[in-house]
Amino acid sequence: MPDLNTSTTTATQDGDWWRGAVIYQVYPRSFQDTTGDGYGDLAGVTKRLSYIASLGVDGIWLSPFFTSPMADMGYDVSDYCNVDPMFGTLADFDQLIAEAHRLGLKVIIDQVISHTSDQHPWFKDSRASRTNSKADWYVWANPKPDGTAPTNWLSVFGGPAWEWDGVRKQYYMHNFLTSQPDLNFHNVEVQDALLETVRFWLERGVDGFRLDTVNYYFHDKLLRDNPPHAPDSDDAGLDAPDVNPYGMQSHVHDKTQFENIAFLQRFRSLLDEYQGRMTVGEVGDGARSLETVAAYTSNNDKLNMCYTFDLLGPDFTAKHIRDAVDGFDKAVTDGWVCWAFSNHDVVRHLSRFSEGVEEQTCVAKLAFNVLASLRGSICLYQGEELALTEAELAFEDLRDPYGIRFWPAFKGRDGCRTPMVWETGSPNAGFTTAEKPWLPVPYAHAMLAADGQQRKPDSVLNHYKAVLEFRKRHAVLRDGDMHFLDTQQDLLAFTRTKNDETMLFVFNLTREPVDYLVPSELKFGEVLQMPGFAPHFDAGVVKLDGLDAFCGILT
């Protein structure tokens with residue numbers, strides 16, 4: 001087991017390392033296979049850590065690798081304190097931690113504690129009877145007199161959020177698959193047991209936790225029905241695709257309950273026993289998301305930061321980005337945000353933001369310039385630095401139960417989870433030696449393999465490295481203040497300020513050229529060339545092409 005004194009830094013020196021950090025998300029089953037079975041593994045992640053470090057990021061976030069029947073790709077945990085054999089062993093994890101720390105990378109793991117697998121020993125005990133020691137560890141309820149479910153709550157993955165169990169002759173709650181029963185957080189013994197599993201990984205040297213569905217932990221003890229979604233509300237589909245009836249309810253009783261605040265304080269108290277550890281929460285709460293983020297990150301006694309779904313949708317416009325950032329700043333006065341354009345649950349942002357193949361390289365570079373300039377921490381998803389787009393898969397190739405359930409109206413999440421591409425011309429682009437990987441490697445992706453891009457100075461991969469190096473040179477980009485400028489044009493313009501340094505950024509996210517007249521009160525000390533872009537500047541006017549970016553230092 002790693003020595004805590006050598007694997008982490010002191011709180012005084014590095015306690016806020018997460019503030020403004022750049023985190024690289026690794027989806028282990030699609031990153032690198034070292035055993036030839038077609039699935040990525042922890043040894044594969046360790047093998048590629050030097051590549052991740054070369055990008056200039058601060059740490060990695062590992063999607064789940066715990067023991068699991070894999071009904072939901074590991075988000076259905078059957079043992080919180082072990083590694084699934086698909087991914088290797090605890091020794092493999094310890095080697096990963098040691099190598100990451102040697103390279104200066106923090107390690108964040110995905111903690112999935114709102115629910116377990118139905119194969120978890122806790123659930124097997126709980127469903128055995130209504131009187132055993134774990135009978136109340138999950139959310140059980142009697143049927144209505146007519147035999148129907150206790151409430152009208154819906155599952156994110158389709159259908160009711162209740163499943164009948166013939167042994168107990170009761171329903172159990174599941175926010176996701178029927179094989180993912182929800183834990184009963186109203187039971188303090190459940191909280192205690194979960195926190196002990198967190199301590200297990202803290203003792204192994206992890207630097208932080210990404211808390212999956214962090215606002216789903218508690219349910220309404222009175223089991224009240226959710227009201228219908230207000231017909232004039234504008235947040236339908238924020239937490240689920242619009243083909244899913246989940247969005248037809250206002251989820252005021254099945255998640256985001258006030259009791260969660262006290263549990264998150266307990267979680268934080270545990271982390272504070274260790275040095276330099278952090279949490280980032282995933283909040284999916286529709287129009288209430290910012291209110292929830294504010295509650296969960298206030299007073300420095302709960303989560304360190306959260307991310308929402310605001311920038312994970314189809315909009316790549318100045319207005320949408322400004323509204324998202326402004327909304328966060330107004331709602332969250334003393335918390336911190338983590339921004340991302342892509343992750344393992346959404347269509348890759350290059351497919352969402354691009355209007356054609358011919359502009360994909362430019363959009364990939366511009367989107368990263370925008371993301372790296374925002375105030376907050378940022379999260380990158382594996383493969384976006386290679387300009388990977390959403391893979392088009394046949395139904396027979398799907399593995400995601402969400403996509404299988406709603407096909408063809410919603411194709412699920414497999415299209416963003418296809419394997420990383422490492423080597424041009426190698427079978428499966430160097431991901432695996434197996435004849436068939438768990439998901440196909442698209443030919444278009446193989447042509448963008450990392451080794452080929454490393455040799456091309458103007459590649460998207462080298463652009464990411466240059467932007468991250470640019471970001472590190474300017475401390476203002478890590479945690480400086482941010483102020484938007486009124487442009488009267490379809491432009492994203494703002495300043496970043498820290499101490500005596502102020503930088504001006506102007507982004508043209510449209511396809512048309514535009515001239516931006518810099519406000520007369522802003523005086524330039526130096527015009528900088530952001531990596532990948534060189535707009536013309538003369539006499540206080542910035543001339544931007546379509547999909548262009550400008551940066552300068554003000555005096």
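**A walk through a predicted structure**

Helix 7 covers residues 188-203, and its 16 residues should span 22 Å at 1.5 Å a residue, which agrees with the 22 Å that separates its end C-alpha atoms. This comparison, like everything that follows, concerns a predicted model. At the start of helix 7, asparagine 187 places a side-chain oxygen within 2.9 Å of the backbone nitrogen of glutamate 189, and after the helix comes glycine 205, whose phi is positive, near 100°. Several residues of helix 7 are buried, among them Val190, Leu194, Leu195, Val198, Trp201 and Leu202.

From the helix we can turn to a sheet. Strands of a sheet pair through backbone hydrogen bonds, and the pairing may be parallel or antiparallel. Here, three strands form an open sheet in the order 6-8-7, with antiparallel pairing. Strand 6 (140-141) and strand 7 (162-165) are the edge strands, since each of them pairs on one side only. Strand 7 pairs with strand 8 (residues 170-173) over four bridges, in the antiparallel sense, and aspartate 165 stands opposite glutamine 170 in strand 8.

The next topic is the aromatic rings, of which the structure holds 44 pairs. In one of them, phenylalanine 185 and tyrosine 217 have ring centres 4.8 Å apart and planes at 5°, so the pair is stacked. Because phenylalanine 185 lies in the loop between strand 8 and helix 7, while tyrosine 217 lies in the loop between strand 9 (208-211) and helix 8 (260-271), this pair ties together parts that are 32 residues apart in sequence. Tyrosine 217 also pairs with phenylalanine 263, and since these ring centres are 5.7 Å apart with planes at 80°, this second pair is edge-to-face. Phenylalanine 263 belongs to helix 8, so its pairing with the loop residue tyrosine 217 ties together parts that are 46 residues apart in sequence. Tyrosine 217 counts as buried at 1% relative accessibility, and phenylalanine 263 is buried with a relative accessible area of 1%. Elsewhere, Phe157, Phe176, Tyr216, Tyr402, Phe406 and Phe410 form one aromatic cluster.

Two loop residues deserve a careful look. Glycine 284 sits in the loop between strand 10 (278-282) and helix 9 (289-297), and with a relative accessible area of 4% it is buried. Not counting residues up to four places away in sequence, glycine 284 touches Asn215, Tyr216, Asp239, Lys255, Ser289 and Phe309. Leucine 312, in turn, is found in the loop between strand 11 (305-307) and helix 10 (318-331), and it counts as buried because its relative accessibility is 8%. If neighbours within four places in sequence are left aside, the contacts of leucine 312 include Tyr307, Ala340, Phe341 and Arg352.

Finally, we come to the cysteines. A disulfide is a covalent bond between the sulfur atoms of two cysteines, and this structure holds zero disulfides. The closest cysteine sulfur to that of cysteine 306 is in cysteine 338, and because the two are 9.8 Å apart, they are too far for a bond. Cysteine 362 is also in no disulfide, as the nearest cysteine sulfur, that of cysteine 551, is 17 Å away.

Notes. Residues are numbered from 1 along each chain as its sequence is written. This is a predicted model: local features need pLDDT of at least 70, side-chain atom pairs count only at pLDDT 80 or more; totals for chains, interfaces and linings use all residues. Side-chain values use heavy atoms; hydrogens and water are left out. Buried means under 20% relative accessible area, exposed over 50%, partly exposed in between (1.4 Å probe, protein chains only). Contact means heavy atoms within 4.5 Å. The expected span of a helix is 1.5 Å times one less than its number of residues. A polar contact is a pair of N or O atoms within 3.5 Å; within protein, one must be able to donate a hydrogen and the other to accept it, and residues adjacent in sequence count only if both atoms are side-chain atoms. Two strands pair if DSSP finds at least two bridges between them. A disulfide is a pair of cysteine sulfur atoms within 2.5 Å. Rings of Phe, Tyr and Trp (its six-membered ring) pair if their centres lie within 6.5 Å; planes under 30 degrees apart count as stacked, over 60 as edge-to-face and the rest as tilted.
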